[in-house]
Amino acid sequence: QVVWMASPRSLYLVSRPLYTEDSLAEKHEKVCRDRKTLSQHVLQYFKWDTKRAKKAGLSLLPIIGWMRIYQIKSWLLGDIVSGVSTGLVAVMQGLAFAMLASLPPEYGLYTAFFPMITYFFLGTSRHISVGAFPVLSLMVSAVVTTMVPEKGDAVDIPGFDGKDKEQKRVLVASSMTFLVGMYQLGMGLLQVGFVVRYLSDTLVSGFTTAAAVHILVSQLKFILGLEVTSFNGVLAIIYTLEEIFVKIGDTNLCDLVTSLLIIGMVFVYKEVNDTYKDKLPVPIPIEVIMTVIACGVSYGLDFEKRYQITVVGEMKRGYEAPIAPDIDVMKASAMEAFPVAIVGFAVAYSVAKVYSVKHDYTIDGNQELIAFGVSNMFGASFKSFAASTALSRTAIQESSGGKTQVAGLVAAMMAMLVTLALGFLLAPLPKSVLGALVVVNLKGMLMQFSILPSLWRKDKLDLVVWVVTCLASILLGLDLGLGVGLGVELLTVVFRTQFPRCSVLANLTGTDLYRDRKDYMCITAQKGVVIFKIPSPIFFANVDFFREKLNDAVGFNPLKVLRKRNKAERKMKDASIWASRHEGDVVATWPDMHADEPEQPMQIDWKGNLPSNVSVPRVDLHSLILDFSAVTFLDIAGITGLKMVVKEFIRLRVDVYIVSCDECILEKLHRCAFFDDDVSRSIFYPSLHDATLSVLESQKGAHPPEHKVIYKRTNRLYTS
């Protein structure tokens, strides 16, 4: 019976029998569920019908879903305005990020166009802007400059024959991007989109911050107008900074002044825009405005000849014929391409998830992998490099009124327009301006340093992950740094499960609630009873830790006590002390022995007064309750260790109770032959209070019959 008592002070009254797991199963019949075998799951996976085929078609082509609900009158104008605004920014960022990838600027326009075309049909996000992303550009650059360095010969690959340096670099970037797409497509088809969950927000934050530092250093040569060797690998950033400081005296003042002006003006505008963005109908594309001004000033004052600055120069008009990826390049870049695939998808999925929650629609991680895989493979065929999304472009696309990927398609058309007709207007644009635009857009990533104090207060292990990932990525390179960060992150998970915070519980006076006895003042702790809680799985890595903490909780090591008792028993037997009495107390008795009867064990009162020459630790504990409410699984080693613990305490005549154990764990204990003559199912109780009441009843003299003890408690309703 459950009686609800309403306000003014909410109370509840529960009156029911005291249950063990066995008596509960007798009283309340369980549903018998047929669990599918592995072969049945496989057969179901490959079984197709009309309904599933239709669902698969809609899943593979999400455009069908949102096109059916497209509101032309309400959404079309907003998508067009958003597409134009986003497209202008995408063009500028494409040019800048292509330089970051050590490629000619026009290939950034290809990346702003081709991947978006296929994502329009295959992607599930309606708001992300697909195109170049600075972190991926930098990771592509590491492979490009390794295989085709600025100085010296390129690696020996047959596909390089007859090609100049630019063509070789384009071939490397496109072939690697094709492999990135293959990785993403393969993971999507194998339904392993869950891998991105192993990249926590903390890890991604530390990684992208390190990438921002790398990007900042890589753009210094454009901002200062220096010729700097491209370094890759361990400590590459140190070698780059060293060479920059050596050549700092050769700085081109025109490049430096132009860059500082661009950075200052764009930064000030963005700060003002953030303050008054709610009052602006659409964001003003400040990057485009500054680029147009810089082009005009550079052309009018002839910066290239007068001040010897490096400009973008003439770009190729139109699109080139598609090319096939080079197999040798793909083999050489196989290791580097995989982290690019993971990072590209992780960033895009994280951004897409934010906007899907905001606008109340769902995204499919596996379909996103397929969409980006196909987009990168398609784009690579037309010489684009690895694509993902950029938070700044996506924010513009969403805030300027974009409702669907029609805005992304319009943005891609803007990039196509520049490639086909307007590219020549960008020829006098100083490369230092593009470098400055890259740097000023790093503000968001660099500001992530500000979360360190917050991480220190909230979770120091997360702080360790952030710092190690960031430092490793800066010093060892982005690919190795990501691996190190992932390893440290997994180690923190192991640390949390291998060394959990165990506690000894006590009853909060006047309630049926149990909490850590160190945290509360008004508690009721029964003498001779220990309630021990372990808040983690019990498995091979922490089973010894579990035993150690349990020994600390009860105040003795049961195995050592057993050994001392056995030693004392042998000593007493050898001394023929079988019926000694001390102050009227029977310490030990030895049953009458007959020749034809087997030897019987001694009956010793270990809590009584023992002979002076016998020393055995006194055990006042009579009941041990193990709270398994937070134990999610046990492996074979954990089950073996738990059984040993239970048997040791039983041999010490300590009653053991295990409470709130999950059904799946109970089933596994049955399968693993956990129960025997010593360990029975009767020690398992459905709740901690059931076990505590059973202990109290048993200490009164006799165990009551099951279903006769009444659980009765009147409580107030509590929140934490």
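Asp462 and Arg496 are joined through their side chains in a salt bridge, with an N to O distance of 3.8 Å. The two residues belong to distant parts of the chain, Asp462 to helix H22 (residues 460-476) and Arg496 to helix H23 (residues 478-498), and are 34 residues apart. Asp462 is partly exposed at 24% relative accessibility, and Arg496 is likewise classed as partly exposed, at 37%. The model described here is predicted.

## Other salt bridges

In the whole structure, 19 salt bridges are found. One of them pairs Glu648 with Arg547, whose closest N and O atoms lie 2.9 Å apart. This pair also links distant parts of the chain: Glu648 is in helix H26 (residues 636-651) and Arg547 in helix H24 (residues 543-554), 101 residues apart. Glu648 has a relative accessibility of 7% and therefore counts as buried. Arg547 is buried as well, with a relative accessible area of 18%; the cut-off for this class is under 20%.

A further salt bridge connects Arg169 and Glu150, with 3.5 Å between the closest N and O atoms. Because Arg169 lies in helix H8 and Glu150 in the loop between helix H7 (134-147) and H8, the pair ties together parts that are 19 residues apart in sequence. Arg169 counts as buried, at 6% relative accessibility, whereas Glu150 counts as partly exposed, at 35%.

## Packing of H8 against H16

Two packed helices are described by the angle between their axes and the distance between the axes. For helix H8 (residues 165-189) and helix H16 (residues 365-381), the angle is about 155 degrees and the axes are 7 Å apart. The two helices are therefore roughly antiparallel to each other, since angles over 145 degrees fall in that class. The crossing in which H8 passes H16 is left-handed.

On the H8 side, the contact is made by Ser174, Thr177, Phe178, Val180, Gly181, Met182, Gln184, Leu185, Met187, Gly188 and Leu189. The H16 side contributes Asn366, Leu369, Ile370, Phe372, Gly373, Val374, Asn376, Met377, Ala380 and Ser381. By class, the residues of this contact comprise 12 nonpolar, nine polar and no charged.

## Packing of H5 against H17

Helix H5 (residues 72-100) packs with helix H17 (residues 391-399) at an angle of about 170 degrees, and their axes are 8 Å apart. H5 and H17 are therefore roughly antiparallel to each other.

From H5, the residues Ser82, Ser85, Thr86, Val89, Ala90, Gln93 and Phe97 meet Ser392, Arg393, Ile396 and Gln397 of H17. The contact of H5 with H17 contains four nonpolar, six polar and one charged residues.

## Positive phi values in loops

Ser102, a residue other than glycine, has a positive phi near 65 degrees. Ser102 is placed in the loop between H5 and helix H6 (106-122). With a relative accessibility of 15%, Ser102 counts as buried.

Asp302 is not a glycine either, and its phi is positive at about 55 degrees. The loop that holds Asp302 runs between helix H12 (286-301) and helix H13 (303-306). Asp302 counts as partly exposed, at 34% relative accessibility.

Key
Residues are numbered from 1 along each chain as its sequence is written. This is a predicted model: local features need pLDDT of at least 70, side-chain atom pairs count only at pLDDT 80 or more; totals for chains, interfaces and linings use all residues. Side-chain values use heavy atoms; hydrogens and water are left out. Axes are lines fitted to C-alpha atoms, for helices over the stretch in contact, and angles run from 0 to 180 degrees between N-to-C directions. Helices (H or I, at least four residues) and strands (E, at least two) are DSSP runs, numbered from the N terminus. Angles under 35 degrees count as roughly parallel, over 145 as roughly antiparallel, 65 to 115 as roughly perpendicular and the rest as oblique. A crossing is left-handed if the near helix is turned anticlockwise from the far one by less than a right angle, and right-handed if clockwise. Contact means heavy atoms within 4.5 Å. Ala, Val, Leu, Ile, Met, Phe, Trp, Tyr, Cys and Pro count as nonpolar, Asp, Glu, Lys and Arg as charged, and the others, Gly among them, as polar. A salt bridge is a side-chain nitrogen of Lys or Arg within 4 Å of a carboxyl oxygen of Asp or Glu. Buried means under 20% relative accessible area, exposed over 50%, partly exposed in between (1.4 Å probe, protein chains only).
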